[in-house]
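Thank you all for coming.

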Amino acid sequence: MSCLQKIICRLDSPKNRVLAFSSQKLFTTFTRQLTVPSFPPNQQTLKSLCSNGQVTEALLEMATLGPEMKFKGYDTLLNACLNQRNLRGGRRVHAHMIKTCYHPPVYLRTRFIIFYNKCDCLSDARQVFDEMRERNVVSWTATISAYSQRGGIYSSEALNLFIQMLRSDIEPNEFTFATVLTSCANDSGFQLGKQIHSLIIKSNFESHIYVGSSLLDMYAKAGKIHEARGVFDCLPERDVVSCTAIISGYAQLGLDEEAMELFRKLQVEGMSSNYVTYASVLTALSGLAALDLGKQVHNHVLRFEMPSYVVLQNSLIDMYSKCGSLSYARRVFNHMSERTAISWNAILVGYSKHGMGREVVELFKLMREENKVKPDAVTYLAVLSGCSHGGMEDRGLEIFDEMVNCKDGVQPEIEHYGCVVDMLGRSGRVGKAFEFIKKMPFEPTAAIWGSLLGACRVHSNVDIGEFVGRRLLEIEPENAGNYVILSNIYASAGRWEDVRSVRELMKEKAVTKDPGRSWIELDQTLHTFHASDRSHPRREEVFAKLKELSIKLKEAGYIPDLSCVLHDVDEEQKEKILLGHSEKLALTFGLIGTPEGTPIRLIKNLRICVDCHNFAKFVSKVYGRKVSLRDKNRFHHIVEGTCSCGDYW
């Protein structure tokens, strides 16, 4: 039994429970107990100066009063310093107390903890706490909050303080629980968080709105969305914080349809939304590539004149980029009054995913010229990836050299080295990419080897491809894509015995491909298709049209690429399997459901296969349609049979 579990058992008795006060109520209670009805006459001037925001003058008045300063004067002056984040002034108040031998009550000492925390002086706040001979629930909560707000390495100290608090026989209130739970979201704190949940139940705080919101947020961040939903459903009342926390939990885990379903349900129930709610909804819409619904949310934000918080604007940029509408994303970016590194990264990643390398480089140049926000590791990753996808390999290699030489103080990480491998492979320098991997200061990941394997397939480098493919089968034997690419490399060299060997190995290890899913949005409704899907209401119409398409495209020169089929069946069956791929079903439904000449926008959860890519190119050419397809890696903009990816992805 852990120390926390023992303490929980000790606190199980109802008679040991105390009435929970909010911080504000508790401060008010202390003030009423410790203050006199009005300011002493000799401190009226100080009161007036603080009321007018003249803190400097009030500090001079404090010095004049000397030992005559009492609780009310100190409290008023400290609050004035707190409101202005006046660190120097607050320290003068603290020093005056020490010099005049004034012994502040618990309330004032707690205010100093809050003051130093607000002024980013955590060590000073902790020193005040450590020197307190008497502590109450508010002083403990204020100190725990000072650590939990900072997160990261400070979370463990917040949890240690909480355990010390329980050992000191001070019982936590709802604000203590709500505060400490924010430090339990990481792997190391989650087990402790579950124990704290037990204590919350025993202390009858589970139904409290603040505690419930923190609980569901903790479970959601730990990926336990079902537990988070259970807490949410048991809340007797819900506010915007709890509703936003559960919607955000679904969205962050990629459960976009569930997030939107819950958002609609809560709206019907009368939920009020704030900018964080809409940012979470936009995250879900980004995953679904639901442009029309995204525009509706944007219009709603504008209509209700919601403040233009950077977080919300960043989410809009991300949503429009992932929905294939870069012009809208750039418009939001251009009208931002304040831009953070996340804002720049969002628009750079957007251009990068669309293969617009020139625009990425120009925007990166503008970021440097403005010199208001420094590029970070994500910025460089977006730029290098943009250069790779945009066919600007030489410029990308120059930018990587600038990184190595610490031009912006950002050291290259394993992901940046991966971009260089991709750039070298894309430009046909497969041997150089292989040598580059050998000299990297990092152990190459499966993603880096996979990038090189793809380059070997495109550029028919069998020797390196064989080595890399075999290496990948050792690293991630469950990844079906590696088997397919390696067998394709062997097939291109006519090594059919090796092709059979790879397929047999795949069967022996029972490797299966992740199920493909594709979406298309029509009339603000998302239609989802799975491979060989027959669940759609218009399935018969879709399959009839698909057969018609297959005949028409073959007449135009389309030849199914049977190497994309993993199953050991005859060629006729392979072609039938290919025809049932989810992106072909979604594309066919788009042709049926949209007017002639209208662009078709699709999204797929995996990387698009070679055959479906060719199929979409022929549809674009034969039917005169622009096809925009977002797969796991990037956007494919296909116009008149030509794709923006240059047939390399």
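Predicted model: local features only at pLDDT ≥ 70, side-chain atom pairs only at ≥ 80, totals over all residues.

**Helix pairs, cores and one buried leucine**

Let me start with helix H4 (residues 55-65) and helix H5 (residues 71-83), whose axes come within 10 Å and cross at roughly 150 degrees. That angle makes H4 roughly antiparallel to H5, a label used for angles over 145 degrees, while those under 35 count as roughly parallel, 65 to 115 as roughly perpendicular and the rest as oblique. The axes are lines fitted to C-alpha atoms, for helices over the stretch in contact, and the angles run from 0 to 180 degrees between N-to-C directions. The helices themselves (H or I, at least four residues), like the strands (E, at least two), are DSSP runs numbered from the N terminus.

Residues are numbered from 1 along each chain as its sequence is written, and side-chain values use heavy atoms, with hydrogens and water left out.

Which residues of H4 and H5 meet? On the H4 side they are Val-55, Ala-58, Leu-59 and Met-62, and on the H5 side Tyr-74, Leu-77, Ala-80 and Cys-81, where contact means heavy atoms within 4.5 Å. By class, this contact has eight nonpolar, no polar and no charged residues; here Ala, Val, Leu, Ile, Met, Phe, Trp, Tyr, Cys and Pro count as nonpolar, Asp, Glu, Lys and Arg as charged, and the others, Gly among them, as polar.

Next come two pairs that share helix H18. Helix H17 (residues 275-288) packs with H18 at an angle of about 165 degrees, the axes being 10 Å apart, and that makes H17 roughly antiparallel to H18. Their contact involves Tyr-278, Val-281, Leu-282 and Leu-285 of H17, together with Leu-293, Gly-294, Val-297, His-300 and Val-301 of H18, and it has seven nonpolar, two polar and no charged residues.

H18 (residues 291-303) also packs with helix H19 (residues 310-322), at an angle of about 160 degrees and with the axes 10 Å apart, so H18 and H19 are roughly antiparallel as well. Here Leu-291, Gly-294, Lys-295, His-298 and Val-301 of H18 face Leu-312, Leu-316, Met-319 and Tyr-320 of H19, which gives six nonpolar, two polar and one charged residues.

Turning to the whole protein chain, there are 34 helices and six strands, and of its 649 residues 51% count as buried, meaning under 20% relative accessible area, with exposed being over 50% and partly exposed in between (1.4 Å probe, protein chains only). The largest nonpolar core has 157 residues, and Leu-77 is among those with the most contacts inside it; such a core is a set of buried Ala, Val, Leu, Ile, Met, Phe, Trp, Tyr and Cys residues joined through side-chain atoms within 4.5 Å. Helix H7 (residues 106-118) supplies the largest share of this core, eight residues, while a second, separate core of 29 residues includes Phe-529 and Val-619.

Finally, is Leu-553 buried or exposed? Leu-553, which is found in helix H31 (residues 539-555), is buried, with a relative accessible area of 0%. Leaving aside neighbours within four places in sequence, Leu-553 is in contact with residues including Phe-615, Val-619 and Tyr-623.
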